[in-house]
Amino acid sequence: MSASNSLERVLEDLAFIDDRLERLQYMMELGRDLDPLSEDEHCDANRVQGCMSNVWLVAEADPQDEARLRFRVDSDAEFIKGLAGLLLLIFNGHTPREILEIQIEPLIARLKLGEVVTSQRRNGLHGMIARIRGHAQAAWVAQRET
């Protein structure tokens, strides 16, 4: 994902976009810079359940700081890749505990995602969030046991 994208920048940009179609376009652009997954990573073990589209999510230790998590996501739907890109801006680079403490609903409201995410796509969004939090929970437990 491009370093020019930051959560603060996205929040600022979306604050000025009132048109629903422009918001959709902006969201899709967030997904265009995602790091690709390998062919092997497009497997059932990485597939996010509950999504209308195919979505794969991989969690790993951040190479800069092993105590922090990094996620990579791919989807066969452009808009979902955009939502995934947004989630990466929110969750990447945090410790498992920080990820579990992030209050995502206020961010979703602030970004006005309800205006562009259909109820069917909302299931996929929440599926990705649940998968990220599941990885964070498992990592947090593992860290506490060591």
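Me: Where in helix α1 do the exposed residues Glu8 and Glu12 lie?

Reply: Exposure is read from relative accessible area: buried means under 20%, exposed over 50%, and partly exposed in between (1.4 Å probe, protein chains only). Helices (H or I, at least four residues) and strands (E, at least two) are DSSP runs, numbered from the N terminus. In α1, which comprises residues 7-15, the buried residues are Leu7, Val10, Leu11 and Leu14. Seen down the helix axis, these buried residues fall within an arc of 100°, so they line one face of α1; the arc is that of the directions from the axis to the C-beta atoms. Glu8 and Glu12 are exposed on the other side of α1. The model is predicted: local features need pLDDT of at least 70 and side-chain atom pairs count only at pLDDT 80 or more, whereas totals for chains, interfaces and linings use all residues. Residues are numbered from 1 along each chain as its sequence is written, and side-chain values use heavy atoms, with hydrogens and water left out.

Me: What covers the buried residues of α1?

Reply: One looks for contacts, meaning heavy atoms within 4.5 Å. The cover of the buried residues of α1 includes α2 (20-31), α3 (78-91) and α5 (104-110).

Me: How many residues does α2 have, and what do its buried residues pack against?

Reply: The length of a helix may be set against an expected span, 1.5 Å times one less than its number of residues. Helix α2 has twelve residues and reaches 17 Å from its first C-alpha to its last, close to the expected 16 Å. Its buried residues are Arg23, Leu24, Tyr26, Met27, Met28, Leu30 and Gly31, and they pack against α1 and α3. At the N-terminal end, Asp19 caps α2, with a side-chain oxygen 3.2 Å from the backbone nitrogen of Leu21.

Me: How is strand β1 joined to strand β2?

Reply: Two strands pair if DSSP finds at least two bridges between them. Here, eight bridges join β1 (residues 55-62) to β2 (residues 65-75), and the two strands run antiparallel. Val55, for instance, has Ser75 in β2 as its bridge partner. The two strands are connected by a hairpin through two residues.

Me: How many salt bridges does the structure hold?

Reply: A salt bridge is a side-chain nitrogen of Lys or Arg within 4 Å of a carboxyl oxygen of Asp or Glu. The structure holds nine. One of them joins the side chains of Arg32 and Glu78, at 2.5 Å from N to O. This pair links distant parts of the chain, 46 residues apart: Arg32 is in the loop between α2 and β1, and Glu78 is in helix α3. Both ends are partly exposed, Arg32 with a relative accessible area of 46% and Glu78 with 41%.

Me: Which residue forms a salt bridge with Glu41?

Reply: The partner is Arg72, with the closest N and O atoms 2.4 Å apart. Here too the pair links distant parts of the chain, since Glu41 is in the loop between α2 and β1 and Arg72 is in strand β2, 31 residues apart. Glu41 is buried at 18% relative accessible area, and Arg72 is buried at 10%.

Me: How far apart in helix α4 are Glu101 and Arg97?

Reply: They are four residues apart, and therefore separated by about one helical turn. Glu101 and Arg97 form a salt bridge, their closest N and O atoms being 3.0 Å apart. Glu101 is partly exposed at 46% relative accessibility, as is Arg97 at 48%. Elsewhere, salt bridges that share partners join Glu41, Glu60, Arg70 and Arg72 into one network.

Me: What does the side chain of Arg72 reach at 3.5 Å?

Reply: A polar contact is a pair of N or O atoms within 3.5 Å; within protein, one must be able to donate a hydrogen and the other to accept it, and residues adjacent in sequence count only if both atoms are side-chain atoms. The side chain of Arg72 reaches the backbone oxygen of Pro36, and a polar contact of 3.0 Å joins it to the side chain of Glu60. Not counting residues up to four places away in sequence, Arg72 touches several residues, among them Trp56, Val58 and Leu88.
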